[in-house]
Every structure is written in C-alpha cells, then in structure tokens.
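Hi there,

Have it open while you read, and my notes follow below.

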Amino acid sequence: MKPHDPANSDPAGQPPGHTLSRRAAFKIGVGGAVAAGSAASLFEFFAKWRSSEAPADVFKGDAPQGEIWELWQKRGWVKEARHYLKLGRNVQCKLCPNNCLLRPGDRSHCRNRVNYDGTLYTMVYGDPCTFHVDPVEKKPLFHFLPGSRAFSLATSGCVFRCLNCQNWEISQKKPEETKDPRGPELRLRPPLPAGLTQEEMTRLSLFPDDVVAVARALDCPSIAYTYSEPTAFYEYTQDTCQAARERKIKNIVVSCGSIEERPARELYQYVDAAHVDLKGFDDETYQRLNSGKLQPILRTLQTLKDLGVWFEIINLIVPTYTDNLERIRRMCGWIAKELGPDRPLHFSRFQPQHKLTHLAPTPVDTLVQAREAARAEGLRFVYIGNVPGLEDAGTTRCPNCRKAVVERDIFAVTRLDIVGDQCRFCGTKIAGVWTSAGAN
Ligand code: SF4
C-alpha cells in the first residue's frame, strides 16, 4: 500500500495542504453526534470545539480493506479504540491534542487508527514491531530501580513528526509497513525460543498477558512502553499496564507527553515511572521541529506530579532549534518552580539524523552551559547524555554533602551508595524510587 503524506492529505474534501476549517468540520461532523468511548455530550463537544484548534491532517481513504483488514482482525490486532466521539459515521479521536477527525475509510495522523464503518479502531493491539531488554538507565531513568532491566516494546506510529526522530523507521510507519499477518499465527509466550527470525517477528503477536509472562521469564522487574509513542498504542499500553500491575511488574512509559488529560489520568494510574521528552520551551519551535504544541506537554508533566508518578525529563538540545540559553534557563526555572527542584533533568546531545542530517552535533560546551543554567535555577539532579567520557555527566550527587551516590558508565551503574532512599554518607533522602519496595 502506497503511503500518503499527511501534509498532502485532504480530510474534508479540501485542496491538499489546507487544514480543516471549523465550517468543514461542522459539515462532516454534525449529523447525529453520539458520544462513544467517552462521556462527553454533544454540547460539551461543541463547547470544546469552539475553543480548540483544527484537528491534525489525516490519511484520507487509507484504511486497509479486504484481505489485509480481515487478517488483521483474525490475528486480534484490531480493537475498538478508547476516548473518541462518534459523529454520525465520522469519528473524532480525543486521545491526543491532534484530535483527528476521520470519515469512514480514513487513517489517523498517528497512522495506527482507522474509521471502519463509523467505529474507530486501533490496529496495533498485541502487535509490537520491536522489543528488547534494556537497562532502565537507557530510557533514561536514573532515579528508578537503578541497574534493573526493562522489557521494552513498541508498535509503529507516533502522534508527532519530529525532524530529528531517532526511531523514524518505526514511528513514521504504518502497522502494515512493520508487520505482516500472513502465514501461521505466532504468539510469543514462555518457554521462549532462542531467537526469532525477521519473518517471524513480522507476524508475531504479544498480547498483554504474554508481555507480562515474557518480562517475568526474562527476569525484568519492569515493562517499558517506548521507542515510538505509547499514546499511539494507548489501548495496548493500558491493558498491559493493568496486567503487569496485577502481577507486581512495574510499568514505565517513555513519551513525548502529548496526550489529553483524561486519557492520561486513566493510563498513568497504572504507571510506576515515566520519562517525558520536553522538546523545547516555546510553541513556535514545537510546531516547526515536532509538529506539536508546548502547553499539552506542560499539562501532562503537572498531571504526573498530581498523580504521584515518578518521572524524569529529557531535553534534546538541537542546534539552531532548541539551543537558546535564555529559553533553556526559562524552561529550567519552570521545572524547578512547578515540578520541584528534585525533578531530574537530562540534557541530551543531538546527533544528525532523519531530516536534520545537515546539522552538526550539539557542541559539548552548549550542554555544559545548559547544565550550569539548570543548576543556577535550583535543579539538583541534572545530567548530560550522549557525551561519553564527560566528567560527572551521569553522576548523581547528594544535594547535601555533594558526594557521588550513584556513578554510571553510559548505562551501567558502577557505584551505588544509596541505602534505602538515603545517601550512605550523610543520610539525606535522595529523590527517586531506589528499591522495589519504594515503587507503587
Ligand atoms: S492518538 Fe492518533 S488518532 Fe488520536 S488524536 Fe492523536 S494522532 Fe489522532
């Protein structure tokens, strides 16, 4: 199936490149709106609609049909989506601020959701395109079960279009471009095979209970929903989180944070740790670099704080996009004031990739200056990633006695001087979840 470029798609019969006008949305949206997967009433919908921006572009008429759709259903990879509105035979997804509005046969901006006959479906349930066992430090989470392993998985699709995406081979692909349900069914469950061929991987199913069983068999105390964007595989993530929680396995969500508040609260009640990518601190750059908006990310960070979920923040410094020191200073000030000085912040070095291969890597000096600015704003745990050998880049120091309490060599913990949740040297409590007993 030939991929469509969403920038050139036509969600409401408008010329390519036009965003959906409010008038057009009414034209296709009115016609007996019925709330489904959401308690929102028609009145609430219109009230919200008046205050919101136009939905994101979608892939018009691109939902799979015929044999592919039937095979996808047979495998169990299709499931009715959560958090959406039925608007006659059209649907509107309310999972993320893109608020995709889909006519029958359309595919969502994140590529994973389709309107089939007036119902919104996810196509990636139990359908990961990749999984690995990673050190938790690779997420990166530095204050959560240090030295432990996370069973990490992803499906295709993403709610963003980051120019610098590291995982664009999966995040900017449709499910049918990463999986192929033809051939005998293959479900991964213990006892685990020694390995999987590429062909086996493309038809492999891994449903929520299977994920938990596999994580256990691989001796992983946590499961990480990562690599692409868990909001784009929300139903799969949520059900797996619930299954894992019941069996005392921790859940880690690594996300861009672009999610509406209601689904965020429903999901994060089962999450033990999150890693949120705060990609910048102004709307214009978010739009240009990521095709996103800043405000929803800030709201997600505050929701995580409200819910008491342990979370850390990463900020990738991209030359000419997000390297303005004054803006970095303002971002750090906001984090310290709104989320607290103990919130770990990871600055990460950009490497040329995807659509930004013409840019040079971030100068190390810029990262060091950003770290100084963050510390000056009061943040106590500031790290620098992707710069091997840089002094103190991955060291956790006690904020009281300044002794190193955790040292890391890239993703390996080489020293751990935290007892319970306290500095071994002076007894100061160090923010984080250091033992399984401290997790939810
Ligand atoms: S989760 Fe996907 S379908 Fe839903 S609004 Fe976001 S981009 Fe659109």
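Predicted model: local features only at pLDDT ≥ 70, side-chain atom pairs only at ≥ 80, totals over all residues.

Helices and strands here are DSSP runs, with H or I for helices of at least four residues and E for strands of at least two, numbered from the N terminus.

First, the overall picture. The protein has 13 helices and 22 strands. It has 440 residues, and 57% of them count as buried. The accessible surface is about 18,100 Å², with 49% of that belonging to carbon and sulfur atoms. If you take the contacts between residues at least 6 apart in sequence, 68% of them join residues at least 24 apart.

Next, the ligand. Where does the ligand sit? You will find it in the largest cavity. Around the ligand are Cys93, Leu95, Cys96, Asn98, Asn99, Cys100, Ser108, His109, Cys110, Arg113 and Val159. Sorted by class, that shell holds 6 nonpolar, 4 polar and 1 charged residues.

Buried or exposed, at 15% relative accessibility? Lysine 94 counts as buried, because the cut-off for buried is under 20%. Leaving out neighbours within four places in sequence, its contacts are His83, Tyr84, Leu85, Asn99, Glu260 and Pro263. One of these, Asn99, is also among the residues around the ligand. Along the chain, lysine 94 and arginine 262 are 168 residues apart, yet their C-alpha atoms are separated by 9.0 Å.

- Asparagine 112 lies in the loop between strand E5 (101-102) and strand E6 (113-116). Its relative accessibility is 0%, so it counts as buried. Beyond neighbours within four places in sequence, asparagine 112 is in contact with Tyr121, Thr122, Met123, Val124, Thr155, Ser156, Gly157, Pro175, Ala232 and Phe233.
- Threonine 226, the residue I began with, has a relative accessible area of 5% and is therefore buried. Not counting residues up to four places away in sequence, it touches Lys139, Ser152, Leu153, Ala154, Phe233 and Val254. Phe233 is in the contact list of asparagine 112 and in that of threonine 226.

Now for the backbone. Most residues other than glycine have a negative phi, and most peptide bonds are trans. Here are some places to look at with that in mind.

- The peptide bond from lysine 139 to proline 140 is cis, with omega near -5 degrees. Proline 140 is in the loop between strand E8 (130-135) and strand E9 (149-154).
- Proline 191 belongs to the loop between strand E10 (186-187) and helix H6 (198-203).
- Lysine 248 has a positive phi, near 65 degrees, in a residue other than glycine.
- The loop between strand E17 (382-385) and strand E18 (396-397) holds aspartate 392. With a relative accessible area of 24%, aspartate 392 is partly exposed.

Finally, two loop residues with C-alpha separations you can check on screen. Lysine 60 is found in the loop between helix H2 (42-51) and helix H3 (66-75), and at 31% relative accessibility it counts as partly exposed. Lysine 60 and leucine 102 are 42 residues apart along the chain, and their C-alpha atoms are separated by 8.0 Å. Isoleucine 410 lies in the loop between strand E19 (404-409) and strand E20 (412-416). This isoleucine is exposed, with a relative accessible area of 54%. Its C-alpha atom and that of valine 387, 23 residues away along the chain, are separated by 8.8 Å.

How values were computed: Residues numbered from 1 in each chain as written. Heavy atoms only, no water. Buried < 20%, exposed > 50% of the residue type's maximum accessible area, 1.4 Å probe, protein only. Contact = heavy atoms within 4.5 Å. Areas by Shrake-Rupley, 256 points an atom, 1.4 Å probe, with all protein chains shown as cover. Near = heavy atom within 4 Å. 1 Å grid on protein atoms, 1.4 Å probe; cavity = no way out; pocket = protein on both sides within 12 Å on 5 of 7 lines; lining within 4 Å. Sits in = over half its atoms within 2 Å of the grid points. Nonpolar A, V, L, I, M, F, W, Y, C, P; charged D, E, K, R; others polar.
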